[in-house]
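Here is a short report on helix packing, a strand hairpin and a salt bridge. Keep the structure open while reading.

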Amino acid sequence: INNAFLICSAIILIDLFAIEDRPGVSDFVSRLSFVVGFGLVSVIEISNYYKHKRIDFRKALHNLGLFISNHVFLIILTCVVSVYLLMTYNKVRPMWDSALLYRYSSFISSYSLYNFSSTFYFGHISYTYAAIVAVLSCLSNNTNLLLSVIFSLAYLSSVCCFYGTLKIISPGSKDAVYSLSTAIYAFSPFTIGLIHDPYLDLLTLFLFTVLIYFYFSKQYCIATVIAVMFLFTKEPAVIELGFFILGLLIVDLINNRSKKIEDIMAIISQKKYIIIAFVASIWFYIFLFVCHWEKSDGIEWTPSFVFKECKVIVGLNFNWLLLLISILFIVFSFKNSHKFFRFLFPLCCSFIAMWCFLIFYPTHNHPRYLGAMIAPLYLMACAGLCAISKEIARGILQVIIAIIVLVSTYKTIDPISRILFQNIDIGTDKMVTTNEPLSDSTVYNSQYEGYQKCLNIAISEVLNNNPDAIICLPAEKGNV
């Protein structure tokens, strides 16, 4: 692992010095370093694996059977959502910014990996997304299929890791208990409700859920790989990850209870912190000197925007209910038991940090901007449900909340959302918008798909009847 890390570090450094505009040199160095580095890592790790470990197929089959018997309800849940994803794989309906990302994805090829600046989607540091699309584009040119595969696999991975994280935070319960809480996340409007609107924010949510599991399970090498993917998906990821790691560090310092400088430095200099600091330094180098997104006036205090953003964070899709459960769980754990502190504190740090970022860095108040902060919110709330000692009360609450979020995925039933936001009449039903009626502000569950279909039909009918017709859409910030 150490050899692999050193080689990968060398590859990254070589590529960083090669990304400047030097005709021929950049592509050649990138290709050579990638091929040589990947080959060396593969040879070293595969040879070490077969040198120190032999495969016992009988034991492997026994472990597989044991895993299945211990995770029956999780397997049922993943099968259910997998069937849904397979049935709807061709129904990707990107809208607004997602439509631009869809178009961008259509032009990504394996060559894009060697042209570093071409992987930045509208200035966003999105190398992870570009790399995944580029690799899979070698298998198929069907953009719909590619995006379905990428986001479906990321979603399923996050569901399994969500389950694993609940077992770590609140151990001792049965498979059915963890599976019911996991269903709340799996059926959420913010996860499966937006699976057909693939965008970078949704990918950060899935990656952060996976990342949290590997950090809590102390599998730091895998966690580092996921952290790199997470960071290089979209800029806000550095806020989430930075404060999550800071929370872990503070927990380690508190548990150590030593005031000696040597002990404190020994904790800070652990590999899990040094490696992530190294990765973060690369990210900041790219952000400062290569490319970054800037469509904001920076950090500022705008009361009207703060109010609007807080409404989205708290009042949309029953987030207020999950936030209430999280707060009750945190208060209970501090009053009665400190065993949850080392898990809840890092989650709180990342959630609060992202909340502050969203309200003090004004751009738009689109629902998808919540992104990765949904992961700690749902984890804290669902872990709180798992910690309820009375089985009947716990089961009833889990089932009710799971049903509520599932229905919310297809229909706006949250009374708080209907009160706080502008309602849009879409014929037989109503939906809400957090800002403009024709923008990403309407993409908060799968209802946007029907809304988009109605708009397409209406516009098609107008143009079919009168090809010379001029269609005027509502203005956004004075721009028609």
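Two strands count as paired if DSSP finds at least two bridges between them. Helices (H or I, at least four residues) and strands (E, at least two) are DSSP runs, numbered from the N terminus. This is a predicted model, in which local features need pLDDT of at least 70, side-chain atom pairs count only at pLDDT 80 or more, and totals for chains, interfaces and linings use all residues. Residues are numbered from 1 along each chain as its sequence is written, and side-chain values use heavy atoms, with hydrogens and water left out.

**The hairpin**

Strand β1 covers residues 422-425 and strand β2 covers residues 430-433. The two run antiparallel and are joined by four bridges. I424 stands opposite M431 in β2. N423 has V432 of β2 as its bridge partner. Four residues lie between the strands of this hairpin, and G427 takes a positive phi near 100°.

**Helix pairs**

Two packed helices are described by the angle between their axes and the distance between the axes. Axes here are lines fitted to C-alpha atoms, for helices over the stretch in contact, and angles run from 0 to 180 degrees between N-to-C directions. Angles under 35 degrees count as roughly parallel, over 145 as roughly antiparallel, 65 to 115 as roughly perpendicular and the rest as oblique.

| Helix pair | Angle | Axis distance |
|---|---|---|
| α9 (residues 200-216) and α11 (residues 237-256) | about 20° | 12 Å apart |
| α4 (residues 72-87) and α7 (residues 143-169) | roughly 165° | within 11 Å |
| α9 and α17 (residues 374-386) | roughly 50° | within 8 Å |

Take α9 and α11, which pack at about 20°. That angle makes α9 roughly parallel to α11. Their crossing is right-handed; a crossing is left-handed if the near helix is turned anticlockwise from the far one by less than a right angle, and right-handed if clockwise. F208, L211, I212, Y215 and F216 of α9 meet E240, L241, F244, I245 and L248 of α11. Contact means heavy atoms within 4.5 Å. By class, this contact has nine nonpolar, no polar and one charged residues. Ala, Val, Leu, Ile, Met, Phe, Trp, Tyr, Cys and Pro count as nonpolar, Asp, Glu, Lys and Arg as charged, and the others, Gly among them, as polar.

α9 also packs with α17, their axes crossing at roughly 50°. The two helices are therefore oblique to each other. L205, F208, T209 and I212 of α9 make the contact with I374, A375, P376 and L379 of α17. The residues divide into seven nonpolar, one polar and no charged.

α4 and α7 cross at roughly 165°, so they are roughly antiparallel to each other. α4 passes α7 in a right-handed crossing. L74, L77, T78, V81, S82 and L85 of α4 meet S152, Y155, L156, V159, C160 and Y163 of α7. Here the count is nine nonpolar, three polar and no charged.

**Salt bridge and loop**

Side chains of opposite charge can pair when their charged atoms come close. A salt bridge is a side-chain nitrogen of Lys or Arg within 4 Å of a carboxyl oxygen of Asp or Glu. The whole structure holds two salt bridges. One of them joins the side chains of D201 and K234, at 2.9 Å from N to O. D201 lies in helix α9 and K234 in the loop between α10 (220-231) and α11, so the pair ties together parts that are 33 residues apart in sequence.

P236 lies in the loop between α10 and α11. Leaving out residues up to four places away in sequence, P236 touches M354 and F357. The C-alpha atoms of P236 and L358 are separated by 9.2 Å, though the two residues are 122 residues apart along the chain.
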